[in-house]
Amino acid sequence: MRYPKTALVRNGDHDRSSVLGRGDLAPDFSLTDSDGNAIKVSDFKDKKKLVIYFYPKDFTPGCITEASEFTRDYEMFSQANIEIIGISPDNIQSHLGFKEKMGIPFLLASDPTNEISKRYGVYGLKNFMGKEYFGVTRSTFLVGKDGKIFKIFNKVKPRGHSQEVLESFE
């Protein structure tokens, strides 16, 4: 079993203001895991497939459901040579607590300035109970070993999403 890792996002190498689509190269970004190792998304190219999922906030009901299901199914992802990276605006301390409480075995990246979320086109105006605000829309990007996006899930419903993602890789 791999030990849980937490990540800090660093300035990336790619700036993209347009919406991403199928066949686009996944925008690269750097993160630092809990062991202090620097990791770039491009490091996985030609080695592993990726699930890059964006979520609004640690410890909220939908985010708990989504993380629980990805954690439950993590061994199946691992066996299929797929790595999972969860990204939210939460800070490192929040991610550490979330990982510990939930037993999360995959990477979590901290994106407090929403730099990565903006590159992936998942940060914008939202509406909840008649109030407008800016935030992250729950979305998932599936990336092949070639580094290209082959499927995008927008406005994800957390329950059942992990299985939906697994089936998309088959």
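**A hairpin, then the rings**

Start with Val143, which stands opposite Ile149 in S10. Keep in mind that this is a predicted model.

Which strands are we in here? Strand S9, residues 139–143, is joined to strand S10, residues 149–153. Four bridges hold that pairing, and the two strands run antiparallel. Five residues lie between the strands of this hairpin. Look at Gly147 in that hairpin: its phi is positive, near 85°.

Now step back to the whole chain. We have five helices and ten strands. How much of the chain is buried? Buried residues account for 48% of the 170 residues. The accessible surface comes to about 8,700 Å². Carbon and sulfur atoms supply 52% of that surface. Next, contacts. Take those between residues at least 6 apart in sequence: 64% of them join residues at least 24 apart.

On to the rings. How many aromatic pairs does the structure hold? The count is 14. Take Phe29 and Tyr120. Their ring centres are 6.4 Å apart and their planes sit at 75°, so this pair is edge-to-face. The cut-off for edge-to-face is over 60 degrees between planes.

Where do these two residues sit? Phe29 is in the loop between strand S1 (7–10) and strand S2 (30–32). Tyr120 is in the loop between helix H4 (115–119) and strand S7 (123–128). The pair therefore ties together parts that are 91 residues apart in sequence. Buried or exposed? Phe29 is buried, and Tyr120 is buried too.

A second pair is Phe150 with Phe169. This one is also edge-to-face, at 5.2 Å centre to centre, with 80° between the planes. Phe150 brings us back to strand S10, while Phe169 lies in the segment after helix H5 (161–168). The two are 19 residues apart, and the pair links distant parts of the chain.

What about exposure in this pair? Phe150 has a relative accessible area of 27%, so Phe150 is partly exposed. Phe169 comes in at 16%, so Phe169 is buried. The cut-off for buried is under 20%.

Over to you for questions.

Key: Residues are numbered from 1 along each chain as its sequence is written. This is a predicted model: local features need pLDDT of at least 70, side-chain atom pairs count only at pLDDT 80 or more; totals for chains, interfaces and linings use all residues. Side-chain values use heavy atoms; hydrogens and water are left out. Buried means under 20% relative accessible area, exposed over 50%, partly exposed in between (1.4 Å probe, protein chains only). Contact means heavy atoms within 4.5 Å. Accessible areas come from the Shrake-Rupley method with a 1.4 Å probe; for residues, only the protein chains shown count as cover. Two strands pair if DSSP finds at least two bridges between them. Rings of Phe, Tyr and Trp (its six-membered ring) pair if their centres lie within 6.5 Å; planes under 30 degrees apart count as stacked, over 60 as edge-to-face and the rest as tilted.
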